[in-house]
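Here are my notes for anyone opening this one for the first time. Have the structure on screen as you read, and go point by point.

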Amino acid sequence: MVAVPFRALFEGSNNRYYTDWQVRRRLRTGAWALCMRQRAPDRWLVETEAEALLSLAPIEPAELPTGVEIRVADGRARVVDPRDRSPATGSSRTATDEGETAPTER
């Protein structure tokens, strides 16, 4: 059996995807603040640094859109969406620890 490098995967109301590590990191650093958590069905409502509300709902990895990848480095799993292209560089973008996006290396 292969160990999965994350416990949960979330789809945000902003059409972005996050691993449980990314969500916990943003909450721990203060980039996001937990407003509410519903347990059945499981949903989270967080406030972002931009003071916007973001709804997070768990999904199965098979539900990720085609091309969206989960990359693991240093024991941390991150979602990378190559469909989200930077107009200036054309590079793929990935969510950083602070909740913003930054280009990834090609």
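1. Start with β1 and β5: these two strands run antiparallel and are joined by four bridges. One place to look is Gly12, whose bridge partner in β5 is Leu56. Keep in mind that this is a predicted model.

2. β1 has another neighbour too. Residues 9-12 (β1) pair with residues 17-19 (β2), again in the antiparallel sense, over three bridges. If you click on Phe10, look across to Tyr18, its bridge partner in β2. The two strands make a hairpin with four residues between them, and Asn15 in that turn has a positive phi of about 65°.

3. Now zoom out. The protein chain has one helix and nine strands.

4. Next, the inside. Which residues make up the largest nonpolar core? There are nine: Phe10, Tyr18, Val23, Ala31, Trp32, Trp44, Val46, Leu54 and Leu56. The elements giving two or more residues to this core are β4 (42-48) and β5. Notice that Phe10 and Tyr18, the bridge partners from point 2, both belong to this core. As background, nonpolar side chains in soluble globular proteins tend to be buried together.

5. Leaving out residues up to four places away in sequence, Trp32 touches Tyr18, Val23, Arg26, Leu27, Val46, Glu47, Thr48, Leu54 and Leu56. There is also a second, separate core of eight residues, with Leu9, Tyr17, Ile59 and Leu64 among them.

6. Leu53 is found in β5, which covers residues 53-59. Why does Leu53 count as exposed? Its relative accessible area is 56%, and exposed means over 50%, so Leu53 qualifies. Leu53 still has contacts: beyond residues up to four places away in sequence, it touches Ser13, Cys35, Leu45, Val46 and Glu47. Ala33 is 20 residues from Leu53 along the chain, and their C-alpha atoms are separated by 9.5 Å.

7. Last, some totals. Of the 106 residues in the protein chain, 33% are buried. The accessible surface comes to about 6800 Å², with 50% of that belonging to carbon and sulfur atoms. Among contacts between residues at least 6 apart in sequence, 36% join residues at least 24 apart.

Note on methods. Residues are numbered from 1 along each chain as its sequence is written. This is a predicted model: local features need pLDDT of at least 70, side-chain atom pairs count only at pLDDT 80 or more; totals for chains, interfaces and linings use all residues. Side-chain values use heavy atoms; hydrogens and water are left out. Buried means under 20% relative accessible area, exposed over 50%, partly exposed in between (1.4 Å probe, protein chains only). Contact means heavy atoms within 4.5 Å. A nonpolar core is a set of buried Ala, Val, Leu, Ile, Met, Phe, Trp, Tyr and Cys residues joined through side-chain atoms within 4.5 Å. Two strands pair if DSSP finds at least two bridges between them. Accessible areas come from the Shrake-Rupley method with a 1.4 Å probe; for residues, only the protein chains shown count as cover.
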